[in-house]
Amino acid sequence: MKTVEDLEKELKSVDKEISKVDAEVSKWKNIQRELHEKKVSLKNSIDKLKTDTLASVDWAGTTYEWSQDVQNTLKNVFHIESFRPKQLGAINSTLSGQHAIVVMPTGAGKSLCYQLPALVKPGLTVVVSPLISLMEDQVRSLTNRCIPAKLITSTGSKEESSIALDILKDNESEIKLIYVTPERFAKSKRFMANLQKCYADGRLQRIAIDEVHCCSQWGHDFRPDYKYLGILSNMFPNVPILGLTATATASVLTDVQKILNIPGCLVIKSTFNRPNLFYKILEKPTSQEECVTILEKLLNGRYKGESGIIYTNSIKDSEDITKELRKRGLRVGCYHANLDASTRTQVHLKWHDKYYQAIVATVAFGMGIDKSDVRFVIHHTISKSMENYYQESGRAGRDGLRAECVTMYRMQDVFKVSTMVFSSSGGLEHLYGMVKYCLNGTQCRRLLIAEHFDETWGDADCNKMCDVCCHPVSNAKEVNLKPHCKTLAGIIQNADQQDVKLTAQKLLDAWFLKGPVNLRHKGKEPNFSRVLGEDVIAYLLVGNYLIEDFHYTAYSTISYIKVGPNMDAVDDDSFILNMPIRRYSHFELQAPPATDYKPAIITVKSEEGSKTKKPKIESLTVKSEEGSKTKKRKSSAIKESKPKIIKTVTIIDDSD
Ligand SMILES: [Zn+2]
């Protein structure tokens with residue numbers, strides 16, 4: 001019989017065995033994890049190689065069996081003489097039956113990439129788009145060109161929608177393009193059944209998916225209904241999918257391909273630079289009254305007789321501003337999501353026909369616009385992200401003529417937007433990207449936009465078409481933020497001890513020795529203006545030295561300011577933080593801008609910064625004969641055009 005001691009000894013040895021096995025298991029688990037990672041990375045490499053191989057084909061050729069038809073349709077139906085960069089490549093690839101994703105900035109002519117092929121081959125092209133207004137515009141302009149197109153919407157009458165749905169199964173129908181929202185694929189059984197019939201009859205020519213970045217949760221504009229589009233490639237094999245977007249980073253593009261089930265598909269990317277757009281940040285007054293005065297001056301002066309858009313961030317703002325501008329005799333229309341469809345269409349038409357000089361629209365409302373002579377886009381409030389900004393401002397100047405994108409910036413608006421976006425994933429990060437753009441006063445605005453699209457542009461690409469390049473600062477000043485960081489952190493901690501939460505305005509008050517005495521600090525007030533103080537707070541926020549802390553009340557969400565994780569480093573002796581001081585450059589409100597601008601032909605560098613190295617680079621002006629070797633040569637050309645970093649610096653030392 002075994003004794004307790006014997007058994008305990010045995011137990012110990014079993015324990016030992018178990019730990020050995022555990023160690024083995026964890027070793028194998030690690031190996032398994034590594035293998036899985038390797039598998040994913042190999043798959044990605046394969047997909048990337050496939051994409052690169054596809055991209056190395058010269059899709060812009062003119063010897064396809066349909067090439068003559070394509071040229072004829074371009075001239076005789078669309079009345080366009082020549083293609084814009086990348087359009088022909090996209091058209092040929094989709095006519096060849098390739099799945100493709102086309103990344104083209106707003107105004108580069110994305111819609112032609114599916115509208116034209118739709119007319120060249122028999123059958124029906126289904127266009128998926130989330131923006132009803134954009135679809136309405138397109139259908140209207142197609143109909144004007146005698147191109148049979150229909151929109152299936154939930155806003156029209158039942159009869160109308162029924163007629164549109166029947167087109168799908170009607171072999172005799174003349175309709176070439178059908179526009180639908182992604183919800184159709186998710187929610188309408190009848191639509192799907194008719195679409196299957198259309199496919200079975202061999203009439204489904206192509207599925208074009210506009211705003212395709214909405215598939216990806218990594219993007220800035222994820223729409224859940226888009227995920228249903230993943231079934232299409234399996235459900236309709238051999239039907240080419242053509243995804244189109246104006247904004248997508250490399251990671252979003254990979255994600256989109258996965259979701260649509262077309263990994264390794266052809267990606268056609270054109271440059272995002274819009275050389276004809278002038279970018280400007282304008283100091284925004286604190287009162288609405290003064291804001292309206294600026295808008296009035298712009299509309300009556302700088303933009304007299306021109307069409308444009310004024311973006312705001314709330315329905316109330318858009319209504320108030322419209323009212324105020326009308327009081328001052330201006331013809332403007334108001335446009336937001338709460339208006340019914342017919343009112344929206346009317347406003348749209350009046351603007352189209354130039355009865356309204358400008359539309360005051362909310363940024364929340366996705367407003368797709370098919371008007372080429374928009375001469376100005378004014379952001380009364382900053383956008384939610386650089387992607388949004390690029391899209392919204394990009395509605396200007398689609399005709400290639402000079403147009404202006406003016407953003408009115410003030411710190412207070414950061415919180416107007418942050419309280420709206422903080423709960424969405426990446427919302428604050430995206431917003432802070434926009435804030436950084438506004439705070440910048442020393443780097444070309446194009447350079448900052450380019451960074452968002454994995455491209456490299458320099459001030460040579462800008463051609464003095466931004467406020468920074470127009471008024472280069474030869475002697476940029478900086479402010480040493482170290483002592484201010486300490487003061488601000490002290491104010492917040494002191495308030496915290498008294499159980500008081502500080503909004504950015506209250507923090508500014510205490511810093512500038514205004515407001516309740518118990519919240520103020522003991523030092524001197526900063527020796528610069530409150531406007532610069534606002535810049536400092538915003539600068540510290542986007543740098544994570546300060547963070548926002550959101551609290552709900554019954555009526556609104558409030559942003560309070562707390563000390564952020566990067567503030568810890570401030571006590572280190574080696575800590576240095578200097579903020580370049582920007583000055584708002586002069587901007588003539590009451591006279592038209594100089595019109596000596598001639599669009600520069602810049603196409604060579606378009607793919608330079610793109611992370612996907614493409615074997616062959618297509619361009620308007622330079623044909624690359626050496627394949628990938630040209631990349632190096634072009635890199636050095638780009639370096640020369642990078643903006644000069646200003647070296648002369650004066651530090652305002654304001655230690656108190
Ligand atoms: Zn510039």
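Colleague: Which residues does Ser307 touch, not counting residues up to four places away in sequence?
Modeller: In this predicted model, Ser307 is in contact with Trp351, Lys354, Gln357, Lys371, Asp373, Val374 and Arg375.

Colleague: Is Ser307 buried or exposed?
Modeller: Ser307 counts as buried, because 21 C-beta neighbours lie inside 10 Å and the cut-off for buried is 20 or more.

Colleague: Where is Ser307 placed?
Modeller: Ser307 belongs to strand E9, which covers residues 307-312.

Colleague: And how far apart are Ser307 and Tyr355 in space?
Modeller: Their C-alpha atoms are 9.6 Å apart, while 48 residues separate Ser307 and Tyr355 in sequence.

Colleague: Changing topic, what is the order of the strands in the open sheet?
Modeller: The open sheet has seven strands in the order E3-E4-E2-E5-E6-E1-E7, and the pairing is parallel.

Colleague: Which strands stand at the edges?
Modeller: The edges are formed by strand E3 (149-151) and strand E7 (266-269). Each has a single partner strand, so one side of each is left without a neighbour in the sheet.

Colleague: What is the twist from one strand to the next?
Modeller: The twist averages 20°.

Colleague: Which helix packs on the sheet?
Modeller: Helix H5 (residues 132-144) does, touching E3 and strand E4 (177-180). The direction of H5 makes about 155° with that of E3.

Colleague: How many bridges pair strand E5 and strand E6?
Modeller: Strand E5 (residues 204-209) pairs with strand E6 (residues 241-245) over three bridges, in the parallel sense.

Colleague: Which residue in E6 stands opposite Ala208?
Modeller: Opposite Ala208 stands Leu242.

Notes:
Residues are numbered from 1 along each chain as its sequence is written. This is a predicted model: local features need pLDDT of at least 70, side-chain atom pairs count only at pLDDT 80 or more; totals for chains, interfaces and linings use all residues. Helices (H or I, at least four residues) and strands (E, at least two) are DSSP runs, numbered from the N terminus. A residue is buried if 20 or more other C-beta atoms lie within 10 Å of its own, exposed if 12 or fewer, and partly exposed in between; C-beta atoms are placed from the backbone. Two residues are in contact if their C-beta atoms, placed from the backbone, lie within 7 Å. Two strands pair if DSSP finds at least two bridges between them. Axes are lines fitted to C-alpha atoms, for helices over the stretch in contact, and angles run from 0 to 180 degrees between N-to-C directions.
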